[in-house]
Amino acid sequence: MPTQHVAAGYPEVGYTYGVLAFLLVCLGAWLVRERSRAVRAERLLRAARRYATGDLSPRPGVRGPDELGVLADAVEQMAFQLRTLG
């Protein structure tokens with residue numbers, strides 16, 4: 001009888017585990033996204049450093065509608081202008 005009482009008396013335990021599982025999935029997705037952004041930012045930084053040394057040929061290889069993609073497009077346009085002027 002006590003087992004039935006525990007199961008019937010504490011349904012919030014299932015909800016708690018469900019909420020915890022959801023939060024863990026959200027945390028995992030956020031970590032994956034942040035890692036991806038860090039990799040893209042590092043690629044853009046390497047390209048900018050190459051451009052600073054005069055190597056204007058490589059492209060940053062960063063695409064997307066977010067801030068990093070917009071910044072990469074601007075840096076690439078800058079390198080294109082420097083190639084055509086010099």
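**Close-up 1. Nonpolar surface patch in a predicted model.** Val 13, Tyr 17, Val 19, Leu 20, Phe 22 and Leu 23 form a nonpolar patch on the surface of this predicted model, with about 620 Å² of accessible area together (Shrake-Rupley method, 1.4 Å probe, only the protein chains shown counting as cover). Patch residues have over 30% relative accessible area and no salt bridge, and nonpolar side chains are joined within 5 Å; a salt bridge is a side-chain nitrogen of Lys or Arg within 4 Å of a carboxyl oxygen of Asp or Glu. Leu 20 is found in helix α2 (helices are DSSP runs of H or I, at least four residues, numbered from the N terminus). Leu 20 is partly exposed, at 45% relative accessible area (buried is under 20%, exposed over 50%, partly exposed in between; 1.4 Å probe, protein chains only).

**Close-up 2. Largest nonpolar core.** Eight residues make up this core: Leu 44, Tyr 51, Leu 56, Val 62, Leu 68, Ala 72, Val 75 and Ala 79. Helix α3 gives the most, with four residues. A nonpolar core is a set of buried Ala, Val, Leu, Ile, Met, Phe, Trp, Tyr and Cys residues joined through side-chain atoms within 4.5 Å. Leaving aside neighbours within four places in sequence, Ala 79 is in contact with Tyr 51 and Leu 56 (heavy atoms within 4.5 Å).

**Close-up 3. Surroundings of Glu 76.** Glu 76 lies in helix α3 (residues 67-85) and is buried, at 14% relative accessible area. Beyond its neighbours within four places in sequence, Glu 76 contacts Arg 59, Pro 60 and Arg 63.

**Notes.** Residues are numbered from 1 along each chain as its sequence is written.

Methods:
Predicted model: local features only at pLDDT ≥ 70, side-chain atom pairs only at ≥ 80, totals over all residues. Heavy atoms only, no water. Helix = DSSP H or I, 4+ residues; strand = E, 2+ residues; numbered from the N terminus. Patch = residues over 30% accessible without salt bridge, like charges linked within 9 Å, V, L, I, M, F, W, Y side chains within 5 Å.
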